[in-house]
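Subject: Structure handover and notes

Dear colleague,

I would be glad if you could read them with the model open beside you.

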Amino acid sequence: MGRSRWAADPKNTNVTATNTASGNIVIADTAGGLTVSTGGVNQTGTGTVGITAAGGTLNVNETVQSTGTGTITLTATGPTSDVVVATGKSVTSTGGNIAIDAPQDITLTGTGTVITGGTGTITLTADSDNATSGAINANNSATAIQAGTGLVTLLGRSGIAAGTTITNV
């Protein structure tokens, strides 16, 4: 597939992408919200994954994964925007970094997870615009946030849910 860049049509807020060659997956939405849907986003090539919901919430309703060492970046923008990983879904890399940024909250619902292996790092930043408030809610699963030997950084102006669990893989 090579380099992939896709801008969401204002009428299409559900996305799916797969890359099996070299190159990046870049999805940028300007319609005010975006949902990763059936089939998810799969980077089995050597590139990165970047998904941005400009001006709205980014809902991860299917798995976003990378089997390489490329970084996965999920970003919501807009003063009231969140990033939500649905129950049973995952943001997963076998060895790359994972960064999730939201102006408001980051929520891993139910058994939703963020996982990286090897030396990959995980950085979750709620209130990424440093404007009002933002919390990290990942307290519904004993395996919500998992990292190999890499660092885990959780930043939330309004707090981090008391039951949020971080484990090594």
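Asp127 lies in the loop that runs between strand S14 (122-126) and strand S15 (135-137), where strands are DSSP runs of E with at least two residues, helices are runs of H or I with at least four residues, and both are numbered from the N terminus. Please keep in mind that this is a predicted model, in which local features need pLDDT of at least 70 and side-chain atom pairs count only at pLDDT 80 or more, while totals for chains, interfaces and linings use all residues. Residues are numbered from 1 along each chain as its sequence is written, and side-chain values use heavy atoms, with hydrogens and water left out.

Although Asp127 is not a glycine, its phi is positive, at about 65°. Asp127 counts as buried because its relative accessibility is 5%, the classes being buried under 20% relative accessible area, exposed over 50% and partly exposed in between, with a 1.4 Å probe and protein chains only. Asn130 is found in the loop between S14 and S15 and has a positive phi near 55°, again in a residue other than glycine; Asn130, however, counts as exposed, at 56% relative accessibility.

If residues up to four places away in sequence are not counted, Asp127 touches Ala102, Pro103, Gln104, Thr132, Ser133, Gly134 and Arg157, a contact being heavy atoms within 4.5 Å. With Arg157, Asp127 also forms a salt bridge, in which the closest N and O atoms are 3.0 Å apart. This pair links distant parts of the chain, since Arg157 sits in the loop between strand S17 (152-156) and strand S18 (159-160) and Asp127 in the loop between S14 and S15, 30 residues apart. Arg157 itself is partly exposed, with a relative accessible area of 45%.

The structure holds two salt bridges, each defined as a side-chain nitrogen of Lys or Arg within 4 Å of a carboxyl oxygen of Asp or Glu. Glu62 and Lys89 form one of them, with their closest N and O atoms 3.7 Å apart. Here too distant parts of the chain are linked, with Glu62 in the loop between strand S6 (58-60) and strand S7 (64-66) and Lys89 in the loop between strand S9 (83-85) and strand S10 (90-93), 27 residues apart. Glu62 counts as partly exposed at 24% relative accessibility, and Lys89 counts as partly exposed at 21%.

Ala17 stands opposite Val41 in S4.

Val41 is also, together with Ile51 and Leu58, among the residues with the most contacts inside the largest nonpolar core, which has 34 residues; such a core is a set of buried Ala, Val, Leu, Ile, Met, Phe, Trp, Tyr and Cys residues joined through side-chain atoms within 4.5 Å. Leaving aside neighbours within four places in sequence, the contacts of Ile51 include Ile27, Leu34, Val41, Leu58 and Val64.

For the chain as a whole, there are zero helices and 19 strands, and 47% of the 169 residues count as buried.

Best regards

Terms used:
Pairing = 2+ DSSP bridges.
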